There are 2 protein chains.
Amino acid sequence: MSDIQIAQENEAKEMQPITAIAEQAGLTAADLEQYGPYKAKVNFAAINRLKEKEDGKLILVTSINPTPAGEGKSTVTVGLGDALRQLDQSAVIALREPSLGPVMGMKGGATGGGYAQVVPMADINLHFTGDMHALTAAVNTLAALIDNHLQQGNALNIDPRRIIWKRALDINDRALRQVVIGLGGPVQGMPRQDGFDITVASELMAILCLATDITDLKRRISQIVIGYTYDRQPVTVGELEITGAIAMLLKDALKPNLVQTLEHTPALIHGGPFANIAHGCNSILATQTALKMGDIAITEAGFGADLGAEKFLDIKVPQLGKTPDTIVIVATVRALKYNGGVALADLTTENLGALDKGFSNLAKHIANMQRYGIPVVVAINEFTSDTEAEVTMLQEKCAKLGVKAVLASVWAHGGKGGLDLAQAVLEALDQPKNFQPLYDSNADIQSKLTTIVTDIYGGKEVVFEGKAINQLKEIEKNGWDHLPVCIAKTQYSLSDDPKALGAPTDFTVHVRELIPKLGAGFIVAMTGTVLTMPGLPKKPAALNMDVTEDGLISGLF
Amino acid sequence: MSDIQIAQENEAKEMQPITAIAEQAGLTAADLEQYGPYKAKVNFAAINRLKEKEDGKLILVTSINPTPAGEGKSTVTVGLGDALRQLDQSAVIALREPSLGPVMGMKGGATGGGYAQVVPMADINLHFTGDMHALTAAVNTLAALIDNHLQQGNALNIDPRRIIWKRALDINDRALRQVVIGLGGPVQGMPRQDGFDITVASELMAILCLATDITDLKRRISQIVIGYTYDRQPVTVGELEITGAIAMLLKDALKPNLVQTLEHTPALIHGGPFANIAHGCNSILATQTALKMGDIAITEAGFGADLGAEKFLDIKVPQLGKTPDTIVIVATVRALKYNGGVALADLTTENLGALDKGFSNLAKHIANMQRYGIPVVVAINEFTSDTEAEVTMLQEKCAKLGVKAVLASVWAHGGKGGLDLAQAVLEALDQPKNFQPLYDSNADIQSKLTTIVTDIYGGKEVVFEGKAINQLKEIEKNGWDHLPVCIAKTQYSLSDDPKALGAPTDFTVHVRELIPKLGAGFIVAMTGTVLTMPGLPKKPAALNMDVTEDGLISGLF
């Protein structure tokens with residue numbers, strides 16, 4: 001059965017009203033704004049009331065570098081939450097929201113898999129409570145107001161060649177990466193080069209995920225740098241006097257969304273910035289709310305630990321005011337063999353040599369997470385092709401690094417398949433932690449970048465290319481170098497070369513552009529050829545999708 | 001007080017749970033999908049159950065040609081519904097959904113005004129239940145799939161120069177009217193000229209408003225012509241094999257939305273196609289549902305009666321299977337004086353000569369509506385500057401045309417201010433009607449166009465310009481000439497010249513382009529310089545908008 005079939009069968013039989021899910025976690029119906037019977041936003045009155053409560057423990061789920069073999073980080077996150085509840089722990093899950101672009105393209109759903117899913121699956125994967133759409137509207141309203149400012153006299157003296165605010169759509173649309181707008185003569189606007197990002201790559205998504213309330217949201221929005229004047233001075237949203245309008249469009253999107261897993265574990269699904277161009281974590285408000293609603297909050301960060309977890313620990317943690325108590329790294333035997341050089345088609349064959357070789361990728365991520373002073377557990381997400389010898393080898397190699405590696409079969413069995421993992425995590429939560437930040441945020445941009453590249457990626461050095469050298473000077477001139485850096489890098493490798501699998505060393509990372517994100521509060525360093533607008537594949541998932549007269553969806557994986 | 005202040009004050013005190021509103025009209029909580037306590041979608045189970053019931057009476061509210069003086073068609077529609085309920089009639093209102101573009105630009109809210117408003121006002125004007133956003137996503141997903149088809153080998157042999165499917169945003173953004181996409185080399189897509197419409201101008205919006213169920217929605221989507229092959233053959237969405245994916249994105253948007261007026265009259269707000277480029281009426285499903293929920297359904301059509309009402313009667317009625325029982329034409333003394341040549345600044349001064357002259361506009365619309373064989377009532381939407389002499393003159397002139405003109409003060413007094421109007425409408429509902437369609441749909445495109453121009457607009461003839469002549473031949477070749485025509489024309493005049501006020505005669509309408517909308521089921525004839533993507537004004541309404549920490553909005557008029 002496909003994920004959506006499993007979801008639909010169980011949704012029909014077993015979903016509980018969202019008010020009942022909320023009650024488990026100490027919330028009442030008055031704390032919710034319902035979107036149908038099974039989805040709700042948690043209102044600010046509830047969030048403010050919960051602030052009185054003590055925080056629960058925090059588990060961060062991350063993974064090795066993603067491969068085409070699939071790792072199943074969201075699936076493990078959901079299954080771990082369900083397993084903890086089976087062990088009578090009050091666990092609450094906090095995930096990212098799916099983006100419609102990848103859903104239509106390659107990925108299908110993004111709500112876990114098999115019997116470890118959040119539901120209602122189709123709703124969450126499509127329009128959900130409208131957060132992505134509100135963001136898209138806000139990004140493009142801001143862009144339209146910028147171009148209208150140019151058209152109506154350009155009082156702020158904005159240089160049309162130096163506008164860095166891009167439009168966005170929650171769609172994989174390569175044809176919009178580089179466009180020319182404003183054609184057709186003087187009444188149709190000012191011609192200039194522009195481009196669209198996918199909505200989740202926009203700074204407003206990062207802001208939504210870092211803002212702690214509407215006042216903070218407005219402060220961040222007003223600080224967004226949309227471009228530069230002809231005199232090279234930064235121009236902000238605040239100067240355009242449209243902070244209120246943009247914040248107004250996001251006032252509901254800022255509230256965390258509550259749903260449930262197939263086993264009725266409460267799940268907050270809110271915010272989903274890309275983990276390459278942005279910081280890749282769900283919202284601060286959702287994580288904080290999960291920490292208050294349960295004794296244990298389980299959250300995830302995007303892509304591998306080099307991107308998602310690094311940014312969680314270096315960008316999100318200072319804002320969140322809470323460090324993880326345990327980090328779970330998800331790996332699969334298949335993906336490690338792929339890292340060891342095996343072709344995708346041959347991954348079902350036992351290959352201890354390749355596993356041994358590809359283990360270097362997991363080992364590096366373990367060392368990286370241990371470096372932060374937080375207890376680590378490895379979750380081996382089980383596939384039917386895994387052999388006993390392979391699993392044993394993997395567990396022994398982890399044990400040598402002082403880490404317990406536990407087989408989890410949550411896709412096939414839900415929470416029951418994650419009981420061993422949950423037990424190991426509970427033990428880890430009792431271990432002492434001693435959080436060590438990676439860098440001093442007062443260091444300059446160059447040295448922060450170098451620290452990430454050498455200490456986390458395992459590389460040799462950072463080289464700034466032409467454009468980035470000037471931008472570095474501009475950042476210093478504007479006094480922005482105290483901000484954390486957010487590296488936009490391929491997710492497929494620890495280096496900036498997507499083909500360098502395993503644990504490459506001695507490489508140089510080339511920074512080609514530095515983009516100030518003053519609202520989000522970080523400087524993005526673009527490396528390699530990271531795309532901020534994906535494309536659709538030859539056979540997009542959309543070709544298989546359908547809906548019946550009764551509203552039942554198929555083809556969503 | 002501004003509209004939003006009146007709305008907010010009354011919302012806080014007096015809004016009823018949407019389940020209570022639904023109950024008045026024979027629906028239960030199980031018939032609804034709630035979006036918070038005050039908004040809901042009516043589900044298909046309820047719609048199908050209601051089909052058993054007999055239809056109520058149908059009132060269509062339309063108006064003279066819009067002027068900068070303001071007419072208040074939505075306000076009168078809401079006030080009339082409230083007044084009918086005060087007279088113990090079971091009335092249900094069916095309106096169009098606001099578009100965010102004009103809200104941010106000039107117009108502010110679009111949910112009635114003063115004490116004749118639908119609420120929650122800010123929610124309805126912003127994201128509401130996400131219908132506009134779902135449409136935007138569907139329009140752009142379809143566009144991305146077309147460009148991906150070009151990129152991935154172009155199996156259907158689509159000519160990139162002859163793609164007529166445009167992208168869309170629910171934003172006033174003139175800089176996107178004419179763009180070039182796909183720049184940057186072979187991996188970034190096929191370069192071609194393109195453009196964005198505002199979402200409400202997209203064919204998918206028209207389809208959403210004409211579809212009777214998901215099966216019909218899919219049939220219409222599959223028939224959309226997105227462009228032509230190099231051999232000039234039409235290419236449809238069905239041939240791209242993405243009908244299911246696009247319909248899936250619209251499955252919830254297809255359900256009518258239920259809200260309430262400040263006086264708790266049930267209001268279905270659903271769909272809002274432009275009345276120039278499209279047919280300008282709310283959805284068939286909402287109108288049908290309103291006809292079943294109450295004994296009297298009151299609905300409106302966009303812009304003046306030459307655009308909205310003509311299209312209601314010639315395009316929507318054949319699909320709806322029900323003709324209006326009374327037509328209300330909204331006029332104001334101010335707007336008629338403007339039509340009589342008075343400048344905007346001077347409209348507060350009594351001017352019987354200008355009123356007499358400008359009355360020609362109302363007279364023409366009255367004659368047009370009477371031509372369809374439906375009883376007509378004129379609603380004079382009261383302004384404080386109206387003098388007794390002006391109102392009396394207007395009423396006498398209407399009486400000479402056999403039409404009752406009733407002063408309504410619903411902005412200031414809500415339903416109470418519309419009691420006389422409601423009484424006149426009830427009398428009209430008892431008069432005999434004898435519906436006469438304007439044209440035989442089997443006539444060819446040219447003669448249907450000519451009939452509208454001569455019999456409704458009062459013009460002399462239609463002239464097809466260069467491009468349109470060839471398109472006319474293509475339409476005949478493809479066998480599409482049995483479809484109704486939807487004229488895209490300025491709303492400000494009965495002619496295609498926005499400056500020709502009153503009731504111009506002897507003019508020629510120039511058709512510059514014919515666009516087949518096979519999914520909507522009509523041929524659009526573009527005249528004059530109708531824009532399908534508006535621009536923002538020098539001082540957009542957005543500049544005054546704000547939201548407080550408590551989520552309270554200001555600046556939305």
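Across the interface of chain B and chain A, 33 residue pairs are in polar contact, both partners being at pLDDT 80 or more. The model is a predicted one. Four salt bridges also cross between chain B and chain A, and about 5,800 Å² is buried between the two chains.

**Extent of the interface**
- Chain B and chain A each bring 66 residues to the contact.
- Carbon and sulfur atoms give 62% of the area buried between chain B and chain A.
- On the chain B side, the residues that lose the most area to chain A are B:Arg174, B:Met248 and B:Glu549, which together make up 11% of what that side buries.

**Salt bridges**
- The interface of chain B and chain A has four salt bridges.
- In a salt bridge between B:Asp546 and A:Lys218, the side chains meet at 3.0 Å, N to O.

**Make-up of the chain B side**
- Elements of chain B that each supply at least two residues to the side touching chain A include helix H5 (100–107), helix H9 (214–223), helix H11 (243–249) and strand S24 (546–547).
- Helix H7 of chain B gives the largest share of that side, 10 residues.
- By class, the chain B residues on the side that touches chain A are 34 nonpolar, 19 polar and 13 charged.

**Cysteines**
- There are zero disulfides over all chains.
- A:Cys486 is in no disulfide, and the nearest cysteine sulfur, that of A:Cys281, lies 9.3 Å away.
- A:Cys486 is buried, at a relative accessible area of 0%.
- B:Cys209 is likewise in no disulfide, with the nearest cysteine sulfur, that of B:Cys281, 8.2 Å away.
- B:Cys209 counts as buried, its relative accessibility being 0%.

How values were computed:
Residues numbered from 1 in each chain as written. Chains lettered and ligands numbered in written order. Predicted model: local features only at pLDDT ≥ 70, side-chain atom pairs only at ≥ 80, totals over all residues. Heavy atoms only, no water. Disulfide = S-S within 2.5 Å. Buried < 20%, exposed > 50% of the residue type's maximum accessible area, 1.4 Å probe, protein only. Contact = heavy atoms within 4.5 Å. Buried area = accessible area lost by both parts, 1.4 Å probe. Polar contact = N/O pair within 3.5 Å; in protein donor to acceptor, adjacent residues only side chain to side chain. Helix = DSSP H or I, 4+ residues; strand = E, 2+ residues; numbered from the N terminus. Nonpolar A, V, L, I, M, F, W, Y, C, P; charged D, E, K, R; others polar.
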